[in-house]
Amino acid sequence: MFDIYLPIAELSMNLLVLLGMGGAVGFLSGMFGVGGGFLMTPLLIFSGIPPAVAVATEANQIVASSVSGALAQWRRGNVDIKMGTVLLIGGMIGAVFGVQLVKLLREAGQVDLIISLSYVTFLGVIGSLMLIESVRAIRRSRAGKPVPARRPGQHNWIHGLPFKMRFKRSKLYISAIPPLMIGTFVGLLAAIMGVGGGFIMVPAMIYLLRVPTSVVVGTSLFQIIFVTAMVTILHSATNQTVDVILALVLMIGGVIGAQFGARAGQNLKGEQLRALLAIMVIGVCLRMLFGLVIQPDELFSIGPALGGH
Amino acid sequence: MARLNIVLALLAFLATGFSGAVQAAKIVEKIESDISSRNIAIESNFTGSRIVVFGTIEHSRQSESEIGLYDIAVVIRGPKRTIITRRKSKVAGIWINQDAHTFANAPGFYAVMSNRPLPDIAKQKVLDEYGLGFHSLDFKPVDSGSAELLPVDLAEFREAAVRIKQKEGLYNYDPTGVVFVGRTLFRATVDLPANVPVGIYASDVYLLRKGKVLSHNRSNLTINKQGFERFVFSAAFDYPLIYGILAVIIAVTAGLLASAMTRRD
């Protein structure tokens with residue numbers, strides 16, 4: 001009845017199901033304050049969208065969600081443009097390499113495997129770390145002990161690196177190399193996994209660069225807009241895997257879902273939210289892992305011959 | 001409306017069939033056919049389509065279809081593609097695509113229908129000659145240079161490709177798909193799934209008697225993406241850079257709109 005034909009994915013899917021998926025992930029991302037790419041891309045893959053199309057299309061959707069997220073942060077003055085730009089330069093480099101890598105992997109027939117493996121690795125590590133950290137925090141708050149505040153101004157190995165730059169908004173004077181490297185890594189992930197990469201960038205900025213928590217989310221979102229935009233354009237130009245119709249449906253669902261999610265999230269404590277998110281992250285990781293480990297019903301697969309023309 | 005047109009066309013064929021039979025008994029049988037629609041548009045609401053191949057046996061010598069003097073096979077072939085068949089093997093506990101064979105000339109769509117099972121109609125040699133049945137598909141193995149092509153292995157990969165295409169609804173064999181209507185008319189129904197590839201299709205109808213092809217008739221069918229779907233698809237492949245930039249502009253606009261709508265606080 002409400003089936004919609006997706007011209008690039010080359011299949012038809014139920015419009016309400018797609019809107020529901022966009023809405024559900026939007027709800028969760030609004031509730032937890034995360035981008036949601038790491039949930040949406042696996043969900044698209046599980047529902048039969050070719051992984052390469054899922055990754056590129058999700059990058060396109062994240063452009064929309066990060067624009068509205070970054071604007072809200074910008075109004076509160078929570079964006080460090082200089083830091084964001086350094087991260088962004090790295091992100092562009094990572095995106096270029098990532099998209100080329102996807103192209104080579106598609107020709108070799110290994111793109112699905114590498115996407116799944118990346119998800120299993122990153123979601124597994126991040127999910128476990130988050131779960132451990134949030135369970136500790138919950139225990140501590142139950143025991144009545146105050147959550148220890150981080151002491152700013154601590155020096156670590158990063159302060160020994162050259163090419164120092166002054167980041168006024170972040171009140172930092174550090175080398176440009178670490179943000180450049182973090183940006184490159186996140187750009188690579190954006191191209192291969194169809195994620196914004198906030199789940200890597202936010203902890204990296206807090207723990208490695210010691211950027212004040214207030215500007216971390218805004219700066220990360222600022223960088224994500226440009227990197228996912230770059231990834232979208234590069235995937236279109238190189239792999240023709242961006243399905244704008246699918247992206248548009250997901251955007252609509254996502255915007256609506258995020259509104260309700262943000263309200264629902266206000267009633268939950270930070271550490272409880274993190275524990276819930278960690279459980280979901282681990283859930284997606286395990287689902288991906290099962291797909292790799294369990295013997296498939298059909299060992300064979302067919303695909304169009306790419307490259308060599 | 002479409003149904004009515006088919007009925008009218010069938011009636012017209014019926015009339016010519018009758019007049020043909022009256023003329024002379026010596027004249028060789030000939031088959032005429034057409035497709036219910038020669039253009040199929042894939043639009044946003046496309047969930048597949050059904051086409052009817054119908055026609056008539058001119059100068060038919062049988063007084064009624066039950067006599068079973070003739071056999072008819074209908075083949076619909078989609079545009080040929082080069083495909084890669086891959087096989088997964090377990091490596092370090094996970095299933096990984098390992099062996100692969102490339103086949104040229106694999107039709108993107110292939111449906112064969114007959115009034116009784118193909119092996120009963122003609123010998124394999126005849127079936128192969130006219131491309132009737134999965135066995136006669138002329139998949140051409142392309143030597144990738146890296147792996148040696150073992151015949152046993154190759155057959156397994158070929159069968160797998162056909163099996164997967166069947167599961168996707170792109171390859172079909174219906175041994176009772178051709179139905180005789182009255183003395184000279186026949187019809188065959190083909191379902192095209194939503195994932196049907198675009199391009200020019202050929203519908204071949206073969207009239208057989210005692211294992212020999214008496215007559216053959218071909219009609220063409222075009223399947224194309226239409227309207228917005230066509231625009232999106234051709235933009236993505238013909239102007240990929242502009243398409244990507246537009247995709248970003250759409251997303252940025254959507255993001256701005258969303259933030260404008262929600263900024264009520």
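Predicted model: local features only at pLDDT ≥ 70, side-chain atom pairs only at ≥ 80, totals over all residues.
Residues are numbered from 1 along each chain as its sequence is written, chains are lettered from A and ligands numbered from 1 in written order, and side-chain values use heavy atoms, without hydrogens and water.

Back to B:F233. The centres are 4.9 Å apart and the planes at 40°, so the pair is tilted. Rings of Phe, Tyr and Trp (its six-membered ring) pair with centres within 6.5 Å; planes under 30 degrees apart are stacked, over 60 edge-to-face, the rest tilted. B:F233 and B:F237 sit 4 residues apart in helix α5 of chain B, residues 227-238, about one helical turn. Helices are DSSP runs (H or I, at least four residues), numbered from the N terminus. B:F237 is also partly exposed, at 40%.

The charged end of B:K225 lies over the ring of B:F233, 3.7 Å from its centre. The criterion is NZ of Lys or CZ of Arg within 6 Å of the ring centre and within 35 degrees of the ring normal. In chain A, A:R287 lies over the face of A:F46, 4.1 Å from the ring centre.

Elsewhere, B:Y110, B:F134 and B:Y171 make up one aromatic cluster. Finally, A:F260 is in helix α9 of chain A.

How values were computed. Helix = DSSP H or I, 4+ residues; strand = E, 2+ residues; numbered from the N terminus. Buried < 20%, exposed > 50% of the residue type's maximum accessible area, 1.4 Å probe, protein only.
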